[in-house]
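Please keep the sequence and the structure in view while reading.

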Amino acid sequence: MVMQAKLRESAAWGLLALSLGLAGWAGYHLFVVARENAAIDDPRHIIPDEDTAPEVILAKAQTLDLGGDYQEALRLYHTIRNDPSPAFRQRVHYNMGTIYLREAASLWNSRGVLEYARVNALVALAKENLKEALRLRPDDQDARFNLEYAFRITPPPKEKEKANWQGTKSSVFSTLPGIPGGGP
């Protein structure tokens with residue numbers, strides 16, 4: 001009888017210790033989630049590092065993009081584009097494609113063919129990212145619209161420079177060897 005009472009008492013203490021451990025673990029995770037939510041709420045003061053949650057980095061990148069610092073936003077997007085969650089990756093690729101497309105359209109409208117190489121490179125990057133976003137979520141109408149727009153603003157291929165041949169002979173035959181007088 002005494003043995004059973006001691007066994008029950010030790011089981012109760014073990015259950016209590018386990019409960020306190022689980023409560024501490026849950027409390028810690030609630031603290032982390034609350035801190036991440038606060039950072040997402042105001043991402044201007046975030047300094048991302050390798051331990052920063054991808055969602056927080058996404059919020060920081062979106063804030064930078066809206067503030068006009070698209071280069072830093074793209075750098076941050078590149079750090080989180082391989083996240084295991086397909087929905088998260090789709091959002092990242094869509095945002096990257098949109099930034100590339102916006103910059104290509106701006107350059108194309110302001111400078112035209114003078115910036116042919118840059119526009120072509122930016123449009124190619126936009127297409128690549130938007131195609132990936134559509135592969136991950138085929139029903140995304142915004143990505144589909146932006147991809148179609150990227151195909152529409154793709155600059156035409158550059159024309160080859162015309163041959164600048166300054167021949168002095170009046171006939172092609174005059175340049176053929178072995179034909180006296182230059183004709184048949």
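Arg89 is found in helix H4, where helices are DSSP runs of H or I with at least four residues, numbered from the N terminus. This is a predicted model, in which local features need pLDDT of at least 70 and side-chain atom pairs count only at pLDDT 80 or more, while totals for chains, interfaces and linings use all residues. Residues are numbered from 1 along each chain as its sequence is written, and side-chain values use heavy atoms, with hydrogens and water left out.

**Arg89**
- Arg89 is buried, with a relative accessible area of 18% (buried means under 20%, computed with a 1.4 Å probe on protein chains only).
- Leaving aside neighbours within four places in sequence, Arg89 is in contact with Arg81, Asn82, Asp83, Pro84, Arg135 and Leu136, contact meaning heavy atoms within 4.5 Å.
- The C-alpha atoms of Arg89 and Leu136 are separated by 7.8 Å, although the two residues are 47 residues apart along the chain.

**H4 and H5**
- Helix H4 (residues 86-111) packs with H5 at an angle of about 155°, with their axes 7 Å apart, the axes being lines fitted to C-alpha atoms over the stretch in contact and the angles running from 0 to 180 degrees between N-to-C directions.
- H4 and H5 are therefore roughly antiparallel to each other, a term for angles over 145 degrees.

**H5 and H6**
- Helix H5 (residues 116-136) and helix H6 (residues 141-152) pack at an angle of about 155°, with their axes 9 Å apart.
- That angle makes H5 roughly antiparallel to H6.
- Residues making this contact include Val123 and Leu130 of H5 and Leu147 and Phe151 of H6.

Conventions
Helix = DSSP H or I, 4+ residues; strand = E, 2+ residues; numbered from the N terminus. Parallel < 35°, antiparallel > 145°, perpendicular 65-115°, else oblique. Buried < 20%, exposed > 50% of the residue type's maximum accessible area, 1.4 Å probe, protein only.
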